[in-house]
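Colleague: Thanks for sitting down with me over this one. Could you take me through the terms as we go?

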Amino acid sequence: MGMGAALFLVLAVLTVVSALGVVLHPNPVKSALALIVTLFLLAVVFVLLEAHMIAALQIIVYAGAIMVLFLFVIMLLNLQSEDPERGRRRFVLRGLAWAGGVLLAVELALLTRGAPVGRPGAAPEGYGTAQSVAQSLFTDFLLPFELTSILLLVAVVGAVVLAQKQRRPTIS
Amino acid sequence: MGLIEVGIAAAKAFAVLMLVLHMSAILLWVERKGSALIQDRIGANRANIFGVMPFNFGLLNTLIADPLKLITKEDVVPAGADKLLHFLAPFLAVFPVMVTFAAVPFGDQLVIGDYTINLQVADLDIGILYVLAMSSLAVYGVVLAGWASNSRWALLGGIRGAAQMISYEIAMGLALIGAVMTFGTLDMQAIARAQGHHFYGVIPAWGIIYQPLGFLIFLIAGIAESKRVPFDLPEGESELISGYFTEYSGMKQAAFMLSDFAESVVVAGLATTLFFGAWQVPFLFRDGFHFPGGVIVALPHLAVVAMQIASFTIKVFLLCVFQILVRWTLPRYRYDQVMDLGWKYLLPLALANMLVTGIVIVMLG
Amino acid sequence: MIVPTEWVLMLSAVLFAIGVVGVLVRRNVIVIFMAIELMLNAVNLSFVALARSRGAVDGQVVVFFVMTVAAAEAAVGLAIIIASFRNRTTVNADELALLRG
């Protein structure tokens with residue numbers, strides 16, 4: 001087993017542990033922290049898969065901005081730990097059934113047909129650098145890029161309008 | 001990866017870590033003595049060892065006494081505080097700041113026998129993105145310190161600090177994009193090497209000549225990002241006691257102070273690399289000086305490397321001293337002024353800078 | 001350093017499954033949101049792994065778009081949660097069950 005594969009195993013175990021922490025911990029702040037750790041570990045896995053620019057973007061956008069937003073909202077609303085409640089058991093069973101189903105489906109697919117494209121060879125020259133991603137982004141994917149920028153504008157306007165303080169209607 | 005390569009990498013990482021830590025200590029001295037000179041007073045000179053050392057070498061005793069005091073103080077955790085987060089926050093404040101320096105080149109290359117050592121801890125092809133990523137992680141130390149302390153002052157300081165940091169991150173990133181467009185690469189060592197030639201043989205082609213506005217925006221955004229005066233409302237000493245690290249004592253408070261100075265050094269290091277030619281000395285090439293007029297002074301390789309490292313250190317030091325001077329000269333911004341400056345002035349200016357840079361690059365081909 | 005693609009796809013499936021469990025089991029709306037982000041990241045991981053094994057950067061460009069859309073969705077979703085919190089002062093999904101008010 002090569003060094004890359006061994007390193008990936010370690011990272012995979014850590015990622016699964018922190019993902020379980022996200023889902024299982026009663027305190028929402030600790031859940032958010034566990035998610036930050038998961039995102040950071042995924043960025044390291046991206047580097048292992050030679051997607052350097054996407055790894056940096058993962059940390060800048062996801063772990064550095066989106067999770068700060070989550071933490072802000074949790075602190076603003078001053079959320080406390082969730083208490084476990086009755087009637088949860090059937091949800092847990094249902095959830096585990098779905099999870100088990102997904103895992104079984106993927107495992108069967110991988111075992112019978114193997115990975116879709118087989119073993120990865122050496123990466124082509126300049127794979128995963130900012131230049132190659134940008135080249136593809138601004139030529140083949142130009143239309144989705146422009147549409148995404150409009151989407152972001154809409155999201156900004158929407159978020160500002162939704163989170164505004166309510167103005168009392170004045171009596172004219 | 002032979003043992004020697006691992007050893008070289010460890011030595012480089014150690015050297016950079018020592019550089020940052022020692023620079024922070026020296027800057028602490030400069031700050032206290034410099035602020036004393038600006039404010040027409042003498043500064044702290046009372047530390048003594050049983051009265052045995054009668055003369056203080058300009059605050060040096062204080063520099064030894066202060067860290068000793070902080071290390072040996074009792075560590076107080078407030079009563080309602082979240083213990084894990086309270087413990088974690090100083091680490092989260094210090095770690096991203098230290099790690100950012102891994103991508104900054106502090107010299108050209110050192111040739112020892114068969115080994116050519118690139119004087120940079122990690123030669124990343126996405127160097128600038130890495131730096132931006134690490135500085136966006138620095139928000140967590142602040143916001144968690146504020147939240148976990150279960151105290152009004154801390155929470156206010158933490159929220160203000162986090163909002164300020166994420167606002168100025170954007171301006172900082174956009175200011176850097178102008179420099180990236182000019183040099184055409186995100187690799188910091190390549191940018192440092194690209195600033196080696198001279199215009200008309202006389203003026204060194206440093207980044208500030210290409211991007212004066214970018215440098216200004218970056219410096220202002222960097223000072224705001226490291227929460228120094230005039231942007232130090234998160235730790236407003238006359239308003240919030242100590243802001244987000246009110247409830248910290250002892251070594252944890254020392255960690256926050258360290259992160260303050262280390263972030264200063266990081267901002268100075270980045271500005272030096274992108275706008276002041278990093279380790280370049282004017283007219284110094286790999287084999288010696290090439291003065292205009294044809295005078296060539298050959299120098300041994302080690303002397304060249306030593307001069308380059310010294311030039312980098314001096315430039316970083318001067319930029320840090322400039323930040324300290326700014327601190328003791330300007331009054332503090334009010335919070336809404338801080339937000340206005342970040343979003344309404346620096347952001348459009350940075351975008352305009354990007355636009356103009358792009359147009360000029362396309363026109364000049 | 002070569003990583004076998006099957007292993008990465010398996011990790012992605014496990015993370016996705018954990019996200020599904022989170023959405024179905026937790027009652028706190030914000031934690032449900034975080035589990036959705038976990039699922040999005042699992043899909044990102046799949047994209048990156050398959051892009052690597054094909055040697056084409058198109059997969060990474062799709063990841064770029066997924067990240068952007070996730071950011072927009074997080075911003076708007078959290079704004080909605082804040083707005084609804086003002087009226088009902090609860091983030092428990094069971095109690096936010098009435099389409100009234």
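Colleague: Which parts of chain C have the lowest and highest confidence?

Modeller: Helix H1 (residues 5-25) of chain C has the lowest, with a mean of 89, and helix H2 (residues 29-54) of chain C has the highest, at 93. Chain C averages a pLDDT of 88, and 96% of its residues score at least 70.

Colleague: What are the values for chain B?

Modeller: The average pLDDT of chain B is 85, with 93% of the residues at 70 or above, that is, scoring at least 70. Among its elements, helix H2 (residues 60-72) of chain B has the lowest mean, 78, while helix H9 (residues 212-225) of chain B has the highest, 93. Where pLDDT is low, the predicted coordinates should not be read in detail. For the model as a whole, the scores are ipTM 0.92 and pTM 0.90.

Colleague: How do you know which pair of chains has the most contacts?

Modeller: Two residues are in contact if their C-beta atoms lie within 7 Å. Two pairs of chains touch, and the most contacts are between chains A and C. There, 73 residues of chain A are in contact with 64 residues of chain C. Helices H1 (3-24), H2 (28-48), H3, H4 (88-113), H5 and H6 (142-162) of chain A each supply at least two residues of that side of chain A. The residues on this side of chain A divide into 57 nonpolar, 12 polar and four charged.

Colleague: And what does chain A place against chain B?

Modeller: Here 14 residues of chain A are in contact with 15 residues of chain B. Helix H3 (residues 52-76) of chain A gives the most to this side of chain A, with 11 residues. By class, the side has 11 nonpolar, three polar and no charged residues. Chains B and C do not touch, and their nearest C-alpha atoms are 12 Å apart.

Colleague: Why is H5(A) called roughly perpendicular to H3(C)?

Modeller: Helix H5 (residues 130-139) of chain A and helix H3 (residues 58-88) of chain C pack at about 75°, with their axes 9 Å apart. Angles from 65 to 115 degrees count as roughly perpendicular, so H5(A) is roughly perpendicular to H3(C). A:Val133, A:Ser136 and A:Leu137 make the contact from H5(A), and C:Asp58, C:Gln60, C:Val61 and C:Phe64 make it from H3(C). By class, that contact has four nonpolar, two polar and one charged residues.

Colleague: Why is C:Val91 called buried?

Modeller: The cut-off for buried is 20 or more other C-beta atoms within 10 Å. C:Val91 has 24, so C:Val91 is buried. C:Val91 is in the segment after H3 of chain C. Leaving aside residues up to four places away in sequence, C:Val91 touches A:Leu77, A:Leu79, C:Asn28, C:Val29, C:Ile30, C:Ile81 and C:Phe85.

Colleague: And what makes B:Ile296 exposed?

Modeller: B:Ile296 has 11, so B:Ile296 counts as exposed. B:Ile296 lies in strand S7 of chain B. Not counting residues up to four places away in sequence, B:Ile296 touches B:Gly288, B:Phe289 and B:His290.

Colleague: What makes S5 and S7 of chain B edge strands?

Modeller: The open sheet has three strands in the order S5-S6-S7 of chain B, with antiparallel pairing. Strand S5 (284-285) and strand S7 (296-298) of chain B are the edge strands: each pairs on one side only.

Colleague: How do you know that S5(B) pairs with S6(B)?

Modeller: Pairing needs at least two bridges. Two bridges join S5(B) to strand S6 (residues 288-290) of chain B, so S5(B) and S6(B) pair, and they run antiparallel. In this pairing, B:Leu284 stands opposite B:Phe289 in S6(B).

Terms used
Residues are numbered from 1 along each chain as its sequence is written. Chains are lettered from A and ligands numbered from 1 in the order in which they are written. This is a predicted model: local features need pLDDT of at least 70, side-chain atom pairs count only at pLDDT 80 or more; totals for chains, interfaces and linings use all residues. Helices (H or I, at least four residues) and strands (E, at least two) are DSSP runs, numbered from the N terminus. Ala, Val, Leu, Ile, Met, Phe, Trp, Tyr, Cys and Pro count as nonpolar, Asp, Glu, Lys and Arg as charged, and the others, Gly among them, as polar. pLDDT is the predictor's confidence in each residue, from 0 to 100. A residue is buried if 20 or more other C-beta atoms lie within 10 Å of its own, exposed if 12 or fewer, and partly exposed in between; C-beta atoms are placed from the backbone. Axes are lines fitted to C-alpha atoms, for helices over the stretch in contact, and angles run from 0 to 180 degrees between N-to-C directions. Angles under 35 degrees count as roughly parallel, over 145 as roughly antiparallel, 65 to 115 as roughly perpendicular and the rest as oblique.
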